[in-house]
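Q: Could you go through this one with me? I'd like to ask about charged side chains and a few other spots.

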Amino acid sequence: HAGILAETQVGRTRLIRAADDSPLVEPLRQILLVSAGPVVLLEHELRSIEGIESAFLYGSFAARSLGVPGPPPSDIDLMVIGVPDADEIYAACDRVQERVGRPVNPTILTAKELSVGSGFLTQVKSNPVVPVIGDVPW
């Protein structure tokens with residue numbers, strides 16, 4: 001385990017955790033935060049905002065997260081469905097952006113706006129998405 005993990009035996013149970021004294025742990029935490037953390041961080045931030053029916057990632061970040069080949073994403077595209085306070089959504093995205101080091105761009109639509117459709121929504125619906133809160137509405 002290259003000194004990245006620390007192991008403790010408690011009875012017949014083996015406990016494994018990050019070895020905090022390893023110089024590799026913090027860089028690995030940062031890599032995981034930037035690559036996989038946005039979904040968890042956004043879910044945590046958005047959970048407390050009223051009026052969200054569902055939220056999901058779309059675009060290149062969602063595609064790369066699901067293994068679709070392509071260039072590395074430069075930002076994170078977030079779709080929020082419902083009637084939340086827009087200022088709260090933007091503030092939550094700013095907090096996540098600070099932690100992951102890449103822009104988080106929210107698009108907020110009501111369920112009615114989603115049902116009307118557009119070329120943009122057709123594009124979103126035809127590509128991979130990653131759920132953050134609730135189910136993807138299609």
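Q: Is Arg-47 buried or exposed?
A: In this predicted model, Arg-47 is exposed, because its relative accessible area is 51% and the cut-off for exposed is over 50%.

Q: And which side chain does Arg-47 meet in a salt bridge?
A: Arg-47 meets the side chain of Glu-43, with 2.4 Å from N to O, and Glu-43 counts as partly exposed at 26% relative accessibility.

Q: How many salt bridges are there in the whole structure?
A: A search of the whole structure finds three. One of them joins Arg-14 and Glu-7 at 3.4 Å, N to O, where Arg-14 is exposed at 51% and Glu-7 is partly exposed at 45%.

Q: What about Glu-45, which side chain does it meet?
A: Glu-45 pairs with Arg-95 in a salt bridge of 2.7 Å, N to O. This pair links distant parts of the chain, since Glu-45 lies in helix α2 and Arg-95 in helix α4, 50 residues apart. Glu-45 counts as buried at 16% relative accessibility, whereas Arg-95, at 41%, counts as partly exposed.

Q: Changing topic, which residues form the negative surface patch?
A: The patch is formed by Glu-50, Asp-85, Asp-87 and Glu-88. Glu-50 sits in the loop between α2 and β3, and it is exposed, with a relative accessible area of 70%.

Q: Where is Ser-22, then?
A: Ser-22 is placed in the loop between β2 and α1, and it is buried because its relative accessible area is 11%, which is under 20%. Leaving aside residues up to four places away in sequence, Ser-22 touches Gly-3 and Ile-4.

Conventions. Residues are numbered from 1 along each chain as its sequence is written. This is a predicted model: local features need pLDDT of at least 70, side-chain atom pairs count only at pLDDT 80 or more; totals for chains, interfaces and linings use all residues. Side-chain values use heavy atoms; hydrogens and water are left out. Patches are made of residues with over 30% relative accessible area and no salt bridge: like charges are joined within 9 Å, nonpolar side chains (Val, Leu, Ile, Met, Phe, Trp, Tyr) within 5 Å. Accessible areas come from the Shrake-Rupley method with a 1.4 Å probe; for residues, only the protein chains shown count as cover. A salt bridge is a side-chain nitrogen of Lys or Arg within 4 Å of a carboxyl oxygen of Asp or Glu. Lys and Arg count as positive and Asp and Glu as negative; His and the chain ends are not counted. The place of a charge is taken as NZ of Lys, CZ of Arg, CG of Asp or CD of Glu. Helices (H or I, at least four residues) and strands (E, at least two) are DSSP runs, numbered from the N terminus. Buried means under 20% relative accessible area, exposed over 50%, partly exposed in between (1.4 Å probe, protein chains only). Contact means heavy atoms within 4.5 Å.
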